[in-house]
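This report goes through one protein structure, from its overall makeup to individual residues. The sequence and the model are shown first.

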Amino acid sequence: MECTKCDKDFPAATKFWERHYLKEGLAGRYCRCKECTRACNKARYQKPRGWGRQTIYNKKAAGHVVDIDPEYIEKIWPKDNKCPLLERKFIIGTGTLNKMSPTLDRIIPERGYIKGNVLIVSHLANRIMSNATVEQVRQVGKNMRKIRGV
C-alpha cells in the first residue's frame, strides 16, 4: 500500500491496518503509514490555531449578537484541552462534528456571543444544555443514578 499523505510504501498485512485505516483507504478516502497516522492522531487532540474564525462568521451570519474575536477565544480555551463540563479531551479536525468536538456556548443565551458570556464546551455538553435548566440537568443525573443503581 502507499500512504496518501507522504507517498511512502508500507505493509498492509497487519491486523491494525485491516481494522482501521486500510478499510478507509480501500474505500477511497485515505490510507496512511504508521508515522502519518500517529501525527494525525496527535494533532486531533491539540488546540487548532484560529479555531473560532468560522464559528464567529457563522454566528454573525445567523443574526446573533457577536462581540468576540479569535484572540479572545484563544484566551478562554481550556488549558488542559478538555471540556470543562464533561472533563474529557476535545477531538478536533475529523471533518465532521462528533460528541467531543469543541463548540462555543453562551452562558446566558439572551446576551449573545459577547466577552464574558461564552464558554468552549464539547458538542455533547452543548446539546445536553441547549434546552434544559440547571435543575432539569440535576434531576436527570439523580434519576440516572437510581436507574443504574449507582
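## Overall makeup

Of the 150 residues of the protein, 31% count as buried. The model is a predicted one. Its accessible surface comes to about 10500 Å², and carbon and sulfur atoms account for 53% of that area.

The secondary structure consists of 7 helices and 4 strands. Along the sequence these follow the pattern α-α-α-α-β-α-β-β-β-α-α. Among contacts with a separation of 6 or more, 46% are between residues 24 or more positions apart.

## The β2–β4 pair

Strand β2 covers residues 102-106, and strand β4 covers residues 118-122. The two strands run antiparallel and are joined by 5 bridges. Two of the facing positions can be named. D105 has L119 of β4 as its bridge partner, and R106 stands opposite V118 of β4.

Both strands are covered by other parts of the protein. In β2, 4 of the 5 residues are buried, so this strand is largely enclosed by the rest of the structure. In β4, 4 of the 5 residues are likewise buried, so β4 too is largely enclosed by the rest of the structure. In a regular strand, side chains alternate between the two faces of the sheet.

## The nonpolar core

The largest nonpolar core has 18 residues, and the members that touch the most other members are I68, I73, W77, L104 and I120. Nonpolar side chains tend to be buried together in soluble globular proteins.

The surroundings of I120 can be listed in more detail. With residues up to four places away in sequence left out, I120 touches W51, I73, I76, W77, P78, P84, F90, P102, T103 and L104.

Strand β1 takes in residues 66-67, and D67 belongs to it. D67 counts as partly exposed because its relative accessible area is 48%, which falls between the limits of 20% for buried and 50% for exposed.

Which residues does D67 contact, leaving aside its neighbours within four places in sequence? They are Y113, I114 and K115. D67 and I114 are 47 residues apart along the chain, while their C-alpha atoms are separated by 4.6 Å.

## The loop between α5 and β2

Several residues with individual features lie in the loop between α5 and β2. N81 is found in this loop, and E87 also has its place there. Neither residue is a glycine, yet phi is positive in both: about 60 degrees for N81 and near 55 degrees for E87.

Is N81 buried or exposed? N81 is buried, with a relative accessible area of 8%. E87, in contrast, counts as exposed at 61% relative accessibility.

L86 lies in the loop between α5 and β2 as well. At 31% relative accessibility, L86 counts as partly exposed. Together with L85, I128 and V137, L86 makes a nonpolar surface patch of about 300 Å². The value of 31% for L86 meets the requirement of over 30% relative accessible area for patch residues.

## The salt bridge

How many salt bridges does the structure hold? The structure holds 1 salt bridge. R138 forms a salt bridge with E135, and their closest N and O atoms are 3.7 Å apart. That distance is within the cut-off of 4 Å. Side chains of opposite charge can pair when their charged atoms come close.

Both partners belong to helix α7 (residues 134-148). Because R138 and E135 are 3 residues apart in this helix, they are separated by about one helical turn. R138 is exposed, with a relative accessible area of 55%, and E135 is partly exposed, with a relative accessible area of 48%.

Methods
Residues numbered from 1 in each chain as written. Predicted model: local features only at pLDDT ≥ 70, side-chain atom pairs only at ≥ 80, totals over all residues. Heavy atoms only, no water. Salt bridge = Lys/Arg side-chain N within 4 Å of Asp/Glu carboxyl O. Buried < 20%, exposed > 50% of the residue type's maximum accessible area, 1.4 Å probe, protein only. Pairing = 2+ DSSP bridges. Core = buried A, V, L, I, M, F, W, Y, C linked by side-chain atoms within 4.5 Å. Contact = heavy atoms within 4.5 Å. Patch = residues over 30% accessible without salt bridge, like charges linked within 9 Å, V, L, I, M, F, W, Y side chains within 5 Å. Areas by Shrake-Rupley, 256 points an atom, 1.4 Å probe, with all protein chains shown as cover.
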